[in-house]
Amino acid sequence: MDRRILSLLQLCDSNFPSGAFSHSFGLETYIQEETVHSKESFELWLIAYLEKQLLYTDGLACRLTYEALVAGHHQEIWFLDQILTVQNLPREAREASRRMGERMIRLGLDLFSLPLLAEYQQKVREKKSYGHPALVFAIIAFTLEIPQKSALLSFLYSSLATLVQNGMRAIPLGQTDGQHLLLALHPYIEKACEKIDLLNTGDLGIAAPGLEIAQMRHERLHVRLFMS
């Protein structure tokens, strides 16, 4: 079990080269407009992003993918891939998820040699699927026999931890502020997991319009540190 936990920690590490460090998912728009300008305002944005978007998209998809794997319903995974992509309206955010998904599939194959990831990669190459990091994460976690709740907590934490790192660079903030932010997010991540357990496929894709609009507006910013 210890070795599987170590593999999970590696997957969640901020140094894991998924490409997430290149994307702010709309945060940079809020920073340039000075809505996010301090540790306190950044914390409010992170909570809103978690509760109003991440929870209903990647977080829920991660849980649904894990459950599909338990049931042996692999076709449900490819369906989730399609739904996640078409409901992601901002072009940059959609492309970011696709690039990160493709990168994680390649890394997962290199590190863990999982047959289902090889099938996923082939579907992406044949343009039958797009590739999505939440689905890849769930596939790897399931294969490592990580319990579902632990997998979901880890996925949400790693997603927010990357955004904290990106926000620290862009605002900017110090390393200690970043650690305080991550600690403050713990109870919100736990509550998000509890809420995700109560959702179903029909809830997939619910997102706050303000977050989506900020992600769309990022495409037209004059100066950008991030790709999305």
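Ser113 is located in the loop that links helix H5 (91-112) to H6. In this predicted model, Ser113 has a positive phi of about 50°, although Ser113 is not a glycine.

- Ser113 has a relative accessibility of 56%. Because the cut-off for an exposed residue is over 50%, Ser113 counts as exposed.
- Glu145 belongs to the loop between helix H7 (133-143) and H8.
- The phi of Glu145 is also positive, near 65°, in a residue other than glycine.
- With a relative accessible area of 53%, Glu145 is exposed.
- The peptide bond that joins Ile171 and Pro172 is cis, with omega about -5°.
- Pro172 is found in the loop between helix H8 (148-170) and helix H9 (175-196).

**Packing of helices H4 and H6**

- Two packed helices are described by the angle between their axes and the distance between the axes.
- For helix H4 (residues 74-86) and helix H6 (residues 115-125), the axes come within 12 Å and cross at roughly 40°.
- An angle under 35 degrees would count as roughly parallel, and one of 65 to 115 as roughly perpendicular; H4 and H6 are therefore oblique to each other.
- The crossing in which H4 passes H6 is right-handed.
- On the H4 side, the contact is made by His74, Ile77, Trp78 and Asp81, while H6 contributes Leu116, Glu119, Tyr120 and Lys123.
- Sorted by class, this contact of H4 with H6 comprises 4 nonpolar, 1 polar and 3 charged residues.

**The largest nonpolar core and Tyr120**

- In soluble globular proteins, nonpolar side chains tend to be buried together.
- The largest nonpolar core of this model has 76 residues.
- The members that touch the most other members are Phe42, Trp45, Leu46, Tyr120, Phe137, Leu156 and Leu160.
- Helix H3 (residues 39-71) supplies the largest share of this core, namely 16 residues.
- Leaving aside neighbours within four places in sequence, Tyr120 is in contact with Trp78, Asp81, Ile105, Ser129, Gly131, His132, Leu135, Val136 and Ile139.

Methods:
Residues numbered from 1 in each chain as written. Predicted model: local features only at pLDDT ≥ 70, side-chain atom pairs only at ≥ 80, totals over all residues. Heavy atoms only, no water. Core = buried A, V, L, I, M, F, W, Y, C linked by side-chain atoms within 4.5 Å. Buried < 20%, exposed > 50% of the residue type's maximum accessible area, 1.4 Å probe, protein only. Helix = DSSP H or I, 4+ residues; strand = E, 2+ residues; numbered from the N terminus. Contact = heavy atoms within 4.5 Å. Axes fitted to C-alpha atoms, helices over the stretch in contact; angles between N-to-C directions. Parallel < 35°, antiparallel > 145°, perpendicular 65-115°, else oblique. Left-handed = near helix turned anticlockwise from the far one by under 90°. Nonpolar A, V, L, I, M, F, W, Y, C, P; charged D, E, K, R; others polar.
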